[in-house]
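Please find below some notes for a colleague who will be working from these coordinates. They are set out as numbered points, to be read beside the sequence and the structure.

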Amino acid sequence: MFKIVHAEFLAPGIKRFVIEAPRIARKQKPGQFVILRIYEEGERIPVTIENSCPERGTINIVVQAAGKTTHLLNSLETGESILDVVGPLGKPSDIRNYGTVVVVGGGVGTAMAYPTAAALKQAGNRVISIVGARNQGLVILENEMRAVSDALMITTDDGSYADKGFVTDKLRQLIENGTRIDLVIAVGPIVMMKAVSEMTRKENIHTVVSLNPIMIDGTGMCGGCRVLIDGKSEFACVDGPEFDAHKVDFSVLVQRNTMYRDAEQRSLAEYQHSKPAEGKCAVTAPQGVRP
Amino acid sequence: MSPATKSKNPVSPKDRMKIPRQLMPEQPAQERAHNFEEVNLGYSAELAQQEARRCLECAKPTCTDNCPVGIDVKKFVEFIVAGDFAGAAAKIREANVLPAITGRVCPQEDQCEGKCLLSKKVKPLGIGYLERFVADYEQKMGTHVVPMVAPTGKRVAVVGSGPSGLTVAGDLIQKGHKVRVFEALHEIGGVLVYGIPEFRLPKQIVREQIDYMREMGVEFETDVVVGRTVTIDELLEEEGYDAVFIGTGAGLPQFMNIPGEHLNGVYSANEFLTRINLMKAYKFPVYDEPMLDLKGRDVAVIGGGNTALDAIRSALRLGARKAYVIYRRSDAEMPARAEEVHHARQEGIDFQMLTAPVEFLSDGKGWLTAARCVRMELGEPDASGRRRPAPIQGSEFDVPLSVAVIAIGTSANPIVQSTTPGLGTNKRGYIQASEETQRTTRKGVFAGGDIVTGSATVILAMGAGRRAANSIHEYLTTGHW
């Protein structure tokens, strides 16, 4: 059992949990993730690690409610526990001094991008961060990102905060302004990572994306997380989750992530139908959150 | 028969050959094809004793020589003849810490029973059935004893709780060492829980064996991926273990690299079986992990090993309309246990032998609709000694399918190797370990099972575990490397 020592919403539907997991806290590096299972009948899902505190033996994870498990997770409070948390999984981000790095975080992906941005800054890079969200309420970790970036740009799809538009608009501006970019790291929705990748491919800018395919064990056993990289099967849990964006077959990733859509929708519907209307266990589907 | 010892067997050696091999009671094929209950129901005491009386009590028993863990078959069978079932169990336990499991999943025809003298004339002694009988008897009667041994003060970390790790743990705890087993998944048992289905190895049996280990003092820690959560060096240097055994098991599934392998509906056997066995996806939505609904669908498995049969027989039980095994060689080369092939045929699995897929076809929206296959013919033997299959020109045909499960083997999981400096690996990425002592290239570090040999069987992994336990014990007591 892994105890939740603190839980707070960062935005509607996006919650940060500080979890007692001393072994993971000691080892976690930027770019890695955990897999968790909330209760005996629960599924195993990969979740982003925002950062960790080895001294206190805690890790921070950030979860956006999308399906049943993430809704259920986001109903948990300080003092409750998660049955299984395993990690840190995946290869860490390759942190070196590249020169100028643009870190792009889309939605909850910002939580995964943040520790990488911080480590890149620490390694001496000039870090330009672009954070995108659907609306003002969903912009997360703004202060944290600002603290580790030489420049921070924010976009919202609806223009309710900062600049209206997409992260790619900002990236295009940087490219058009002649900014020297040595590396782009993009973490967020697949459509966003694909758009970033297409833009940088034309400019020959090395680009890394962090992929989040369907995954079960996360330890290199089941092969469920296979992705098509340069025409070959690779496994996000042991070969990734970060890959050279220009080699990723995004359409296969999108297609494979729809494999259980019917079951996922059924699970969520049954869960929302059965949940108590009021009280501690109630999960309010936050407004404005894309399923 | 050895003249030195007086046989307790009331039947004369000559007449023993006249007793037919006692049939294993089993669930009728038509019934069991629709449930996950165990296929074999187990011998009664009467059946077990009758079968045991068939043993010729050879002076030089070849059955034991051919057992990877060296069970004294003749002795334990003698106990059964005498009606001392607890004694039989204790005899087996001297060599094998998981008898209820090996009695169910060992390929006996290639091992003990394959060398049984009876098999020259009639059917071999049902050694596996007898092993299972005494193990189940012991469990049912609660006759197993927890041995008391003086602690040595030495501590051993075991990485992975599959057959090799459990064997190492069980053997070393009985030698007085403290043992802690680290498991990456949330359940103990490795392939015994995620891979082998309920109808062949009930999970309750695995849990009972593990509970027994706990009683003996073995500690288990789940949710630890050694190499990521903690490294081998940290276990040795910071956590104070005196030795480490690596038994991380089969690695990433292999694929055929043919077009369409990424379509929705194409699974690796590991994923397919993990969803069913570990995650109980077939009980969705009571369990949250989903899997594709197989009711009324056509399903094929590609491959001819035990994993392939486990997958396709699971698919049948989940309501598949047609269930095919597509295998590129012929019956004779199939690596699966003979009994599983027999059971699968009884259940109505359609074996498409000498057949290989060349492409998976889609509906244009990313979902599998068929496997395009070619017929094969066998040529000269290859490196494995089996005749090499070659496609027959112009023999292409399509098998309509909703789900295809690829069970053609695995490759080495890289996590431990890539995070342990100085740990030697072979060309294929598996850990180098001595065949005699299971020592790796790192002092104090031993390895065995699939992470050393590549995909093999439960009992071979246990054999490696047994050798490792012996040499770990020697290392811990002498300090010599």
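1. Chain B has an accessible surface of about 18,900 Å², and carbon and sulfur atoms hold 51% of that area. This is a predicted model, and the values that follow should be read with that in mind.

2. As to secondary structure and overall dimensions, chain B contains 18 helices and 14 strands, and its C-alpha atoms fill a box of roughly 70 × 65 × 50 Å when taken along the principal axes. A compact globule of 481 residues would have a radius of gyration near 23 Å, and the 23 Å of chain B agrees with that. Buried residues make up 61% of the 481 residues of this chain, and among its contacts with a sequence separation of 6 or more, 69% are between residues 24 or more positions apart.

3. Chain A is built with eight helices and 16 strands. Its radius of gyration is 18 Å, close to the 19 Å given by the globule rule for 291 residues, so chain A is as compact as a globular protein of that length. The C-alpha trace spans about 55 × 40 × 40 Å along the principal axes, and 59% of the 291 residues count as buried. Of the contacts in chain A between residues at least 6 apart in sequence, 66% join residues at least 24 apart.

4. The interface deserves a separate point. The size of an interface is often given as the accessible area lost when the parts come together. Here chain B and chain A bury about 4,200 Å² between them, with 53% of this on carbon and sulfur atoms. On the chain B side, the residues that lose the most area to chain A are B:R228, B:H262 and B:D288, which together account for 20% of what that side buries. Counted by contacts, 47 residues of chain B meet 49 residues of chain A.

5. Which elements do the buried residues of α7(A) pack against? Helix α7 of chain A covers residues 250-257, and its buried residues are A:F250, A:V252, A:L253, A:Q255 and A:R256. Within chain A, these buried residues pack against α6 (190-203), β13 (207-210) and β14 (226-229), while from chain B they meet β5 (266-268) and α13 (269-278).

6. Leaving aside neighbours within four places in sequence, B:A468 is in contact with B:V168, B:F245, B:T437 and B:Q438; the C-alpha atoms of B:A468 and B:F245 are separated by 7.7 Å, although the two are 223 residues apart along the chain.

7. B:A469 also lies in helix α18 of chain B and is buried, with a relative accessible area of 0%. Not counting residues up to four places away in sequence, B:A469 touches B:V168, B:D171 and B:L172. By contrast, B:A469 and B:P28, which are 441 residues apart in sequence, lie 41 Å apart in space, C-alpha to C-alpha.

Terms used: Residues numbered from 1 in each chain as written. Chains lettered and ligands numbered in written order. Predicted model: local features only at pLDDT ≥ 70, side-chain atom pairs only at ≥ 80, totals over all residues. Heavy atoms only, no water. Helix = DSSP H or I, 4+ residues; strand = E, 2+ residues; numbered from the N terminus. Rg over C-alpha atoms; globule rule 2.2 N^0.38 Å. Buried < 20%, exposed > 50% of the residue type's maximum accessible area, 1.4 Å probe, protein only. Contact = heavy atoms within 4.5 Å. Buried area = accessible area lost by both parts, 1.4 Å probe. Areas by Shrake-Rupley, 256 points an atom, 1.4 Å probe, with all protein chains shown as cover.
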